[in-house]
Amino acid sequence: MFPREANRIRTVLPALGLIFLSAAGGLAEVTPPEKFLGFRVGADYHLATYEQAVAYFRLLEKESPKIKVFEMGQTGTGRTMIYGVIASENTMKSLDRYREISQKLALAEGLTDAEAHKLAAEGKSVVWIDVGIHATECAPSQHALQLAYDLISSDDVETRFIIDNTILVLVFANPDGMQLVADWYHPNVGTPFETSPLPWLYNRYAGHDNNRDSYMNNLIETRNITNLLNRVWYPVVLYDHHQSAPFPARIWIPPAAEPTNPNLHPLFIRGKNLIGSAMGYAFDREGKDGAISRFAFDFIYPGYEDSFGDFFHIISIMTETALYSYATPHFYNLRDFPEDYRDLTPSVFYPSPWKGGWWRLRDAVDYCLTASKAVLHTAALYREAFLFGKYRMGRDTAARFAKEPPYAWIIPREQWDAPTAALLVERLLLQGVKVFKAEEPFTADGVSYPAGTWMIPMSQPFALFVKAVFEEQAYPDLTKYPDLWQGIVQPQMFQNAYLPPYDLAGWSLPYQMGVKAVRVDTPLQAVLAEIKQPELAAGLAPGSGSAWLISARSNNSFTAVNRILKKGGDVARSLESFSANAKTWPPGTFIVRPGSLSRDFLAGTAKELSLEISAGDPPAAAKTIKLRPPRIGLYKSWRASMDEGWTRWLLEQYEFPFVNIGNPEVKAGSLRSKFDVIIIPSMSADTIVNGYAAGTMPPNYVGGISDAGVMNIARFVREGGTVIALNSSCLFAVEKLGIPAVDALRSVRGSMGGMYGAAVARPAAPEFVCPGSILRLAFNATHPVAFGMPEKGAGVFYNSPAFQLFPGGGEGAKGGEVIASYPDDSLLISGYLKGEKYLRNKVAAAAFAMGRGKVVLLGFGVQNRAQPYGTFKLLFNAIFY
Ligand SMILES: [Zn+2]
């Protein structure tokens, strides 16, 4: 048992400052975590749960004036997220003032250098440390309990120096995961399944992808974090803890691997390197071997939680502490090491090679403690320099784009899918980017724009973020710079080798989202007003007719249709173009017969979804199909799939009714009586069919759909169902359902990159390489699955196949209908592509008739991480197909 405190509400209201609802405690002794938990932090086989962490932080708050606990919002499952603020008693008295100083320096505007110097001299280094975002990486969240206690209770010179000069914002980044992992692990301790993987995602929707959402802010947890970072605390340093280090190193610390994001102020990179070096020094000063740098982890991708902050003047770093499994200890022999590491040669960025031995959770906790304290100590030491540097980065950025291009980005009001363009604007505002609206017509680069046009002038402090996510990425060819590869790696090993990024190579948001954004390269004059929210003309358009017409172009139209179907409304889809009210409506237009639906309901739906719904009289002869509320099954494996989670998130956002179906339901059969559509998220055929092998997991979580399940899915299609296969799972459909297509890349594709991709030297680059990138696509907009799509567009290629179709027949599937293909053109828009010729004229998405049903292959990342808003419609259309 551990003490619990009655729930009290503590909250942070950015506009009103901090509100403390608890009286600071007196002189009572501070309870050490081992006394509270009943075990030492990091003890073998013991994990503190999130509930325990919260209760412990609240106890500390009662016992010490040096810590305050705040709530920061809810998680995906409705848990309350908390964080602790730790500082000296004196600092605590003026917390609002220090926060104000951080904010003023971060926003950089309206200050002279002299004023900034004065503020920097007065301020404190706000240091953000977050723990547990990847919940199976257990040590960081455990270490938070010890770190809080050490800082509050110690009175040595170093701790006092930290406490006096910094304000620590200590954040539990994934409460759901911390609880879930402890609850999974504890019953398995001492069984054969002690180190078995978690069969669920540890973030409700994103799992491990939860730290790849930062530029998009789809997840509620990300939004809570962004709000706290960019509107409340404005830290100078962000430190995000991870596990695991590249084996056999014991911790990975900055400096990072190449390539470097080209849109960073050099002070960030210097700041990261400085902190990394201070960490390394601390490790070897304490005799903790095995800290490694400059290897494996690059930060070119700006969507990580620990790279996103850079663009907001926060020196953002991460570490990867060695991990065995949960709280289970492990002994490593030198012969477990890769051959190249057994000689233990020291090098500049790995000067104290780890020699093997026991590795316990407590060791990892101790490494995390050393690292956190080194970060805090550096931030204390460089307090004034970091604070002034924060101002300087903002000042420089705003000044730079006042005199060099791009001068602005324009988001025209005329868009293919206007509500999605508004969504992009909304997310930028959430992140702290300033967006304006033209009050009068203006001209930019010789093009005229009407009043009301959205504009992001680049002479603002956070402009580099806009540039980093708006422009096309040109992933550097690192084979050109072999000398950049130092540390323990010999440059010649990389000759002719391709060095993949750790994550995506291309992510440009306007292309992913199908939003038109225009870069302005000459200085311009316009009368602008800053906006707080993007507003669109929405509601029922004037005009009359017997039906309501909803365009197929907007993602939000599908939400409207789902709401109408849920109310029992009558919705049809035109299969050909028609004229009504002097306008041509393309195939795919939704035709709603008002019936019992009230005008107010339709008007309200349109307004809420930023849609314009028109009245009209479609000709009676127009070919249409009637829509029904689809019965959707979303396949969910015990091998937890992030793609399943993101798809689930997407279906919920756009209000598609669905249920998850697991292996037992698929194996049981009779699928057609329950479902119209089965969606298979991106995963391998082996994962789907075989799942976890017997003996690797508790029996309930073993196995996949098996051959019986494959037969049931084939039967489901023949009986009139639709199977939608997403990205990698298209290969499952090809192999197991007899789809007459072949993956044209199978013999030329190299490694996909990813985990430690850069650490693996390859003898020669494969003929085809495309780490996550944005490519040109041609859409067959007359096909029902591509209704509402432009003829030319972009798609996210991410571990994707590309098809060659064959004529089919007989018992199996019929030859496919092309939905999307790679044109005979230059294909790369953003990222990296080698071996373009293998993709040209290949099929990216196709539909196949099989019996009375259909199989739809969406063979690229149409909804990857729920980011490519421009291609969600392919999935939505396929559901209604
Ligand atoms: Zn991690």
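**Close-up A. Among the elements around the second largest pocket, strand S24 gives the most to the lining, with three residues.** The model is predicted: local features need pLDDT of at least 70 and side-chain atom pairs pLDDT 80 or more, while totals for chains, interfaces and linings use all residues. Residues are numbered from 1 along each chain as its sequence is written, and side-chain values use heavy atoms, without hydrogens or water. The second largest pocket holds about 870 Å³ of space. Its lining consists of 32 residues, and Gln415, Trp416, Ser551, Arg553 and Lys583 lie nearest the centre. At least two lining residues come from each of helix H14 (418–431), strand S24 (583–585) and strand S26 (612–616). By class, 16 residues of this lining are nonpolar, nine polar and seven charged. A pocket is an open set of points on a 1 Å grid over the protein atoms alone, with protein on both sides within 12 Å along at least five of seven lines, and lining residues have an atom within 4 Å of a point. Volume is the space filled by probe spheres set on the points, which are joined across faces, edges and corners. Nonpolar covers Ala, Val, Leu, Ile, Met, Phe, Trp, Tyr, Cys and Pro, charged covers Asp, Glu, Lys and Arg, and polar covers the others, Gly among them.

**Close-up B. Strand S26 pairs with S20 in the parallel sense and with S21 in the antiparallel sense.** S26 is largely enclosed by the rest of the structure, because four of its five residues are buried. Buried means under 20% relative accessible area (1.4 Å probe, protein chains only). Strand S20 (residues 539–540) meets S26 over two bridges, and Gly539 stands opposite Glu612. Strand S21 (residues 547–550) meets S26 over three bridges, with Trp548 opposite Ala615. Strands (E, at least two residues) and helices (H or I, at least four) are DSSP runs numbered from the N terminus; two strands pair if DSSP finds at least two bridges between them.

**Close-up C. The largest pocket has about 1,300 Å³ of space.** Its lining is made of 45 residues, of which His208, Asp209, Ala640, Ser641 and Met642 are the closest to the centre. Helix H19 (residues 642–653) gives the most to this lining, with three residues. The lining divides by class into 20 nonpolar, 19 polar and six charged residues.

**Close-up D. The zinc ion has protein donors from His134, Glu137 and His242.** Donors are N, O and S atoms within 2.8 Å of the metal (3.2 Å for Na, K and Ca), and sites may look incomplete since water is not among the atoms. The arrangement is irregular because the four donor atoms subtend angles of 55 to 152 degrees around the ion. Four donors would count as tetrahedral with all angles between 85 and 135 degrees; four count as square planar and six as octahedral with opposite donors over 155 degrees apart and all others between 65 and 115; anything else is irregular. Along the sequence the donor residues follow the spacing H-x2-E-x104-H. Both His134 and Glu137 are buried.

**Close-up E. An open sheet is formed by eight strands with mixed pairing.** The strand order is S3-S4-S6-S5-S7-S10-S8-S9. Strand S3 (67–74) and strand S9 (291–292) are the edge strands, each pairing on one side only. Within the sheet, strand S7 (residues 237–242) and strand S10 (residues 315–321) run parallel and are joined by six bridges. His241 has Thr319 in S10 as its bridge partner.

**Close-up F. The largest cavity contains about 130 Å³ of space.** It is lined by 16 residues, and the closest to its centre are Asn211, Arg212, Met318, Glu320 and Tyr502. This lining has six nonpolar, five polar and five charged residues. The structure holds seven cavities of 30 Å³ or more, a cavity being a set of grid points where a 1.4 Å probe fits but cannot get out.

**Close-up G. Strand S31 is mostly covered.** Five of the five residues of S31 (residues 722–726) are buried. Thr722, Ile724 and Leu726 point one way from the strand, and Val723 and Ala725 point the other way. In a regular strand the side chains alternate between the two faces of the sheet. Strand S30 (residues 677–680) pairs with S31 in the parallel sense over four bridges, and Val677 stands opposite Thr722. Strand S39 (residues 853–858) also runs parallel to S31, joined by five bridges; there the bridge partner of Thr722 is Lys854.

How values were computed. Buried < 20%, exposed > 50% of the residue type's maximum accessible area, 1.4 Å probe, protein only.
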